[in-house]
Amino acid sequence: MALLELQGLKKYYATQKAVDDISFSIEQGSIFGLLGPNGAGKTTLLRMITGIFYPDEGKILFNGQPFNAASDARYIGYMPEERGLYKKMKIGEQALYLAQLKGLSKAEAMEKIKYWFRRLEMESWWNKKVEDLSKGMSQKLQFVTTVLHEPKLVILDEPFSGLDPVNAGLIKDEIFNLAKQGATIIFSTHRMEQVEEICDKIVLVNLGKKILDGGVNQIKQQFKENKFHLQLGSAVQTPQHAAFTAKAVSPKQLEVSISDGYKSNDVLQYFIQQDITIESFHEILPSLNDIFIREVEGTKAITRAFQPVQ
Amino acid sequence: MSKISLILQREYLSRVKDKTFILTTLLTPLLFVGFIAGATYLSIAGKEKVSVAVADTQNYFHSGIKSDGDVEFSFPQQVDTANFMSKGYTALLIVPASNNKQGEYTIVSKKSLGMMTMGKIENSVNAALENRMLLQAGVQREKLDSIHNAARISSLKAVLKQGNNSGESNQGLAYGIGYGSGILIYLTMLLYGMMLMRGVMEEKTNRIAEVVVSSVKPFELMLGKIIGIGAVGLTQFLMWGILIIGLSALATSFVPHETLQQVQTLQQNGGVMPGGGMMQASEKAQAIYKLKHNLSTANWPLIIGCFIFYFLGGYLFYASLFAAVGSVTEDIQGSRSLTVPVTMPIIFSFIVMTNAVQVPDSPVAIWASIIPFSSPMVMMARIAYGVPGTVTYVQLISSILLLVASFLFTTWMAGKIYRTGILMYGKKITWGEMMKWAFKRA
């Protein structure tokens, strides 16, 4: 069942269409990547999902019901890209305050804070102030305050920025863990290698519109260009053949693009006939990074784009 | 609702627990007392001592110019402009040679004398001249003085006639109360307004705003902050009140027991000691009685009630505007041009207040005490002069209703600006844009 369903969501600002008719749905327990260049409308979309903004048009269904910011805030944990904490407040009090704002009772909140602080080895921090923490430490605290109230939907906007590899790995494990326990995670970023690693499904938005929607593998298949990589037993001249065009990567390695109307077997057949040993043969799938750049390039959306409302 | 109270608690506790709050609360009354004491001391210590040699060659005054405090007159022989300094005098007064001695007097000194000193010298000489002339006309000074004293009424008591009630009024006290509460409201409105603005700005620059508004509505966050900081202000007033009552109780304990008894008798008998002149109240007892009597002429419950209302009303009116400004700025520098339109009316009302406290009936004062942006200060300046005497019930009620309506309006408007502004970064916002946010639909 879909935990979250967006139907024809629109949000127009005076100078631009921030979100222009976007629909998709997210299954419970999945890790969902929301991708897009800067200024694509990701943050506006997330703010509508968290109830900070009201959509101009369209519907948000949360758990099958129309989304109600006041009562559903309890079930959402949001770590915005523009995030921070009260600098002068003690860390323990801060976590308690933010948990209570989500609707937890004091006792409940304390119990959960203890659990998470122990889990992430933050127990000694209780009486420290945020201004005494390093950036990485405060990111960790930020993550804890986001997931403390056991939200059904966790929204993380660039969660790894400012984290060293060790802490990033730690948080990544916690994200997987949360998903395993049934939480749904929306992961917004423009770092593609993290998406490939973490997400089950992605949506790519640009200029306020949805461009791509699907499973990571499915999208890769959709964008493959019939390219293969060949590792040969001996060095060869770059062959000429109607079935494919080849490009030498090194004397023994070729990259071949299969022409329309031919199959991969035609390529293999050619080399077998030539009695050239084939050590390996595999398909080259485009990386999400390539797909992203290909789809976004040329739209001039790398910086915040402005277009008049029609 | 419970979320507003959580925010309110945090805002309140984080400020009340702060060391600077405790210190300012305790030290302000002490500083105030110290300031008055210091000013009094300086005005006493700062007086110049002047010895004036009088060159009265015809001995017209018969050494009869009386010294006045720090100005001392002497009538030495053979003193002139050349030698008065070497004889140890600060100045030399030259009496003109004309017969009636009303010509031009000259005072010669090395340093120029202060204005006060010159005034004293002039008064002393005038008095001496008058004495001489009275003598020449055959009038005894003492006789004249006793007539003067006899012809003076002891006091002018103002009694207000309002329907069937008549009550004593006290202009001095009303002035004091009006001015004092006006200044308090002025200072706290600026102080707490700015405190709120900084608080909002802090949330914005620390980037916590978005985290919080994903749990609560921006309007709830703003309201919680406004109420929390308002409560800090009330707490401060309450503590000052307790401190003042405590200090005056402490002061009373130093007054001798019999004096207090005399004060009590005076109070029971309406200011006169029973048994004719047999028993005289001491001067101290009289003074204390007078102070207590004067204070009792004011309608304290009304004044304190109105003070709390106008403090809160004025605070709420301006605080939401300060919050709106705080939400669109990321640093104090950038906020300056935006705060001016908020602080200007506060300063303007302060000026009107200083005027209204002297002329509580002027049309400007009446209108300014009804119009919401100035009513908190100006109405407090007028209210001590009496309701319904100076301030009619219609004026008071319309002022109260208008203020309530206005702060609801400014809070609503500020809420809309705040909602948009708090999540907007890296853009300079003008009042024009803020107004657009405030009045656009949804």
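Me: How many Å separate the centres of domain 1 and domain 2 of chain A?
Reply: This is a predicted model, and the domain assignment of chain A places domain 1 at 2-216 and domain 2 at 225-284. Taken over C-alpha atoms, the centres of these two domains are separated by 46 Å.

Me: Which element of chain B gives the largest share of the nonpolar patch?
Reply: The surface patch is formed by ten residues listed as I22(B), L23(B), L26(B), L27(B), L30(B), L31(B), M239(B), L247(B), L250(B) and F254(B), with about 970 Å² of accessible area together. Two elements of chain B give two or more residues to the patch, α2 (19-45) and α7 (218-252). L250(B) has its place in helix α7. The largest share, 6 residues, comes from α2(B).

Me: How far apart are the end C-alpha atoms of residues 392-414 of chain B?
Reply: The unreviewed UniProt entry gives residues 392-414 of chain B as a "transmembrane region", and 173-197 is also among the spans with that feature. Residues 173-197 are 100% helix, with end C-alpha atoms 35 Å apart. Residues 392-414 are 96% helix and 0% strand, and their end C-alpha atoms lie apart by 32 Å.

Me: Which element gives the most to the lining of the second largest pocket?
Reply: This pocket has a volume of about 1,700 Å³ and is lined by 45 residues, with Y13(A), Q16(A), F53(A), T420(B) and M424(B) nearest its centre. At least two lining residues each come from β1 (2-12) and α1 (42-49) of chain A, and from α14 (393-421) and α15 (431-439) of chain B. The element that gives the most, with 4 residues, is α1(A).

Conventions
Residues are numbered from 1 along each chain as its sequence is written. Chains are lettered from A and ligands numbered from 1 in the order in which they are written. This is a predicted model: local features need pLDDT of at least 70, side-chain atom pairs count only at pLDDT 80 or more; totals for chains, interfaces and linings use all residues. Side-chain values use heavy atoms; hydrogens and water are left out. Domain bounds come from an automatic or database domain assignment. UniProt positions are given in the numbering used here, feature names are shortened, and annotations may be inferred rather than shown by experiment. Patches are made of residues with over 30% relative accessible area and no salt bridge: like charges are joined within 9 Å, nonpolar side chains (Val, Leu, Ile, Met, Phe, Trp, Tyr) within 5 Å. Accessible areas come from the Shrake-Rupley method with a 1.4 Å probe; for residues, only the protein chains shown count as cover. A salt bridge is a side-chain nitrogen of Lys or Arg within 4 Å of a carboxyl oxygen of Asp or Glu. On a 1 Å grid over the protein atoms alone, a cavity is a set of points where a 1.4 Å probe fits but cannot get out, and a pocket is an open set with protein on both sides within 12 Å along at least five of seven lines; lining residues have an atom within 4 Å of a point. Grid points are joined across faces, edges and corners, and a volume is the space filled by probe spheres set on the points.
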